[in-house]
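These are my notebook entries on one structure, kept in the order in which I looked things up.

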Amino acid sequence: MAFPIRHAAVIGSGTMGSGIAALLAGVGVRVTLLDIPAPDTRPGDPPEQRNALVLKNLDALQKSRPAQLFHPADLDRITPGNLDDDLERLHDADWIVEAVVENLAVKQDLMARLEAVRAPHAIVSTNTSGLSIHAIAEGRGDDFKRHFLGTHFFNPPRYLKLLEIIPHEMTDPDVLHAMIEYGRTVLGKGVVLCKDTPNFIANRFISVAGTFGVNYALEHGYSVGEVDALTGPLIGRPKTATFRLFDLIGADIMVHVNRNLYAAIPHDEAREVLTHPASRTLLETMLERGMLGNKAGQGFYKRVDTPEGREFWELNLQTLEYEPPTKVRFESVGQHRKIEPVGERIKAMVSAEDRAGQYLWHLHAFYLSYAARCLGEIADDIPSIDNANKWGFNHELGPFEIWDALGVAETAARMEADGYPVAPWVKEMLASGHATFYQRDEAGVVAGVYDPKRGGYVPLHKDPRSIVIADLRAAGKRIEGMAGASLIDMGDGILLLEFHTKANAIDADIIAMGWKALEHLERGYNGLVIGNQGEHFSAGANIFLIAMLAQQQEWDKIEATTRELQNLFQAMRAAPRPVITAPFGMALGGGAEMAMAGARSVAHAELYIGLVEIGVGLLPAGTGCKEMLRRVINPVMETPNADVLPHLQRVFEMLALAQVSESAKQARSMGFLRESDRIVLNKDFLLAEAKREALHLAAGGYTPQPAGKVWAAGRDALAALRLGVYSMHEAGYATDHDVLIANKIAHVLCGGDLSEPGWVPEQYILDLEREAFVELCHEPKTIERIMHMLQYSKPLRN
């Protein structure tokens, strides 16, 4: 049975509720957002007064950074209201999401009201972070319960991948399947099916295992800075690490969750860590002093403005006073921090004998022990526990994946020796000759996972819509490659150009393999996908090479390198078979130009794309200026009597102000994506969808679009742009070097000093942008900007 979702209602407009509403509006759903009426109002008062709470939260949603809305226009799909006046609006809602306060009685009362107004087909879900799904639906009718389940989003809903789905014991299997598929395909989430147990999976772990980490630090004299230096990227976790994460959550929330969870899990012997005297006293004292975390401006860290700039002072866990940050150094960290992959790095670190190694060993020993003991209670399969920890907290590896990397048998023996119990099923697994939790095939690809109930490996479910480059490599699909890029056979006659330089910066290897890819298209492949599975699509061109060539005054080599990049991107557009780019994350400078070089783009929703070259003293010269004219200005000027200046001003500002999209939807409105380009919410499906697009175009008798002409607005428009630059300089918003670069950008975008506007060949603009690029490389201040970016990873205003 199908359950299409055209109209959704979200009850509760706080941070989580408004975030869910924004996510749903972003995928095209009409949303009704309700909350309690504003205090001191009564029925009949103007809606802006009655709905003041929702309107206030929607205003905060608009201003939030990082942005919760994919595009400002998404707000138009959200209709505010209140529970007293507008509950009847829910009569045609397809999905009703409850996101009110974590109070069982409040939720039960709301469910009774929803049951009275919901349509027979409507799905109702609760976003509770840990209350019993069974208890929330208590007293409701059977039909309500068949359409009821838990849908636990993580904050912020737009960005965090995990969606825990918790069925009621009476949930209709069709409803459950529909919500799992909707979460994966439409909302782009990593869905984990959970049992109806306290705090489900991810929050159970962050509470118990996270509190253990704090307890161990307090007992053994580790500082806030030391713990965060050890529990972030070093072990495959985000920079928020431990104490920065707790500041994000809030000390008040941690105390509340730990108290409730302790009472809810009397059977769990590990619950005692939640009431450990050291951490309990610390958190309660912080509560008394208003040290709640980020929302209070102070928690485990406090922002302090000093004459040298802004600093984040750390809380001394013994004195509870804030102290200036100090450089944290551990011998083992310096020795092992560059080991790849992360599993091998963790293995090296927990084997170290210094204080860093001791902390990480005990942290992981408890974590792995607890994961094994929870299997069967909170989830029936190993991947669910691993995925909930990875997707909920952006960890690279889950606990069982880490245990495999450390070596299950040797780690289990050391755990027991140090007092960390090993679950009986793990011992049985090892005794029966199963040495790892995950089974790999001859190529090293994960193919199965251990099932304690069956006492052996079972096939690991893999979504066919997910293509993993590492698996293609392991299967011998790499055709050829260099240090910076590879060509990989994706199957069905589709080739993948993968780049794997640092930050996926475009270098000579990528350019060379790009030409190789085009040769393969001439020899029989049906299409080419350009993509990778790094952290970002591409941070831009290799500016270090440009700086070195400029310092050596190798102007001809700079010109030749730039021309080669232009020629490659133009050749990709003219290729005999479709070239599909699959950008995601950051696609900056040359990365943006690469993203625009295909016949189509299939982009991930989280795409931060921009032509930001001015930040390093340059301008776009790998077809960027030409391509923005072709995409933004050409369609305008194909309309009779069009005024080019407002549109040209918009393009100019994007380049001169280094504007970057906050999403793929915004990238489309900026011109980086076209209406024919697709946006995919689930990043796991990105390469498969790009491959599907290539096959679709090839099957339709693909014909490449030859290079055409672009509109050059000429000297009158150039004068107008330069006047704007002059005004910015006079007002103190632009430096002399900003002015120099901005004027060159304007010169290129207008086609130089043409006496009359008109259509010019694409190559004419390409020559102008390449010439201006080389001229800027002569400027000492440009070299200063490049070297500053390379050293500090942020732009210099000089």
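Predicted model: local features only at pLDDT ≥ 70, side-chain atom pairs only at ≥ 80, totals over all residues.

Phi of Ala 503 is near 60°, a positive value in a residue other than glycine. At 45% relative accessibility, Ala 503 counts as partly exposed, where buried means under 20% relative accessible area, exposed over 50%, and partly exposed in between (1.4 Å probe, protein chains only).

I then looked up Ala 241, in the loop between α9 (224-230) and α10 (243-249), and its phi is also positive, near 50°. Ala 241 counts as buried, because its relative accessibility is 10%.

I checked the peptide bonds as well, and the one from Asn 155 to Pro 156 is cis, with omega near 0°. Pro 156 sits in the loop between β6 (148-153) and β7 (162-167). Another cis peptide bond joins Glu 340 and Pro 341, with omega about 0°, and Pro 341 belongs to the loop between α13 (331-336) and α14 (342-350).

**The eight-stranded sheet**

In which order do the eight strands of the open sheet run? I read the order as β3-β2-β1-β4-β5-β6-β7-β8, with mixed pairing, where two strands pair if DSSP finds at least two bridges between them. The edge strands are β3 (78-82) and β8 (190-193), each of which pairs on one side only. From one strand to the next the twist averages 25°; the axes are lines fitted to C-alpha atoms, for helices over the stretch in contact, and angles run from 0 to 180 degrees between N-to-C directions.

I followed β1 through this sheet, and found that it pairs with strand β2 (residues 30-35) in the parallel sense over five bridges. β2 and β3 likewise pair in the parallel sense over five bridges. Thr 32 of β2 is the bridge partner of Ala 9, and Thr 32 also stands opposite Thr 79 in β3.

Five of the five residues of β1 (residues 7-11) are buried, so this strand is largely enclosed by the rest of the structure. His 7, Ala 9 and Ile 11 point one way from β1, whereas Ala 8 and Val 10 point the other way, and all are buried.

**Helix α8**

I compared the length of α8 (residues 202-220) with expectation: at 1.5 Å a residue its 19 residues should span 27 Å, and its end C-alpha atoms are 27 Å apart, which agrees; the expected span is 1.5 Å times one less than the number of residues. Of the 19 residues, 17 are buried, so α8 is largely enclosed by the rest of the structure. Gly 221 follows α8 and has a positive phi, near 75°.

**The three-stranded sheet**

I next turned to an open sheet of three strands, in the order β12-β13-β14, with antiparallel pairing. Its edge strands are β12 (438-440) and β14 (456-459), each pairing on one side only. Neighbouring strands of this sheet are turned by 40° against each other on average, direction ignored.

Three bridges join β12 to strand β13 (residues 446-451), and the two run antiparallel. I found Gln 439 opposite Gly 448 in β13. Val 458 has its place in β14 and is buried, with a relative accessible area of 17%. Val 458 and Gln 439 are 19 residues apart in sequence and 8.8 Å apart in space, C-alpha to C-alpha.

**A last entry, at a loop**

Tyr 733 counts as exposed, because its relative accessibility is 57%.

Terms used. Residues numbered from 1 in each chain as written. Heavy atoms only, no water. Helix = DSSP H or I, 4+ residues; strand = E, 2+ residues; numbered from the N terminus.
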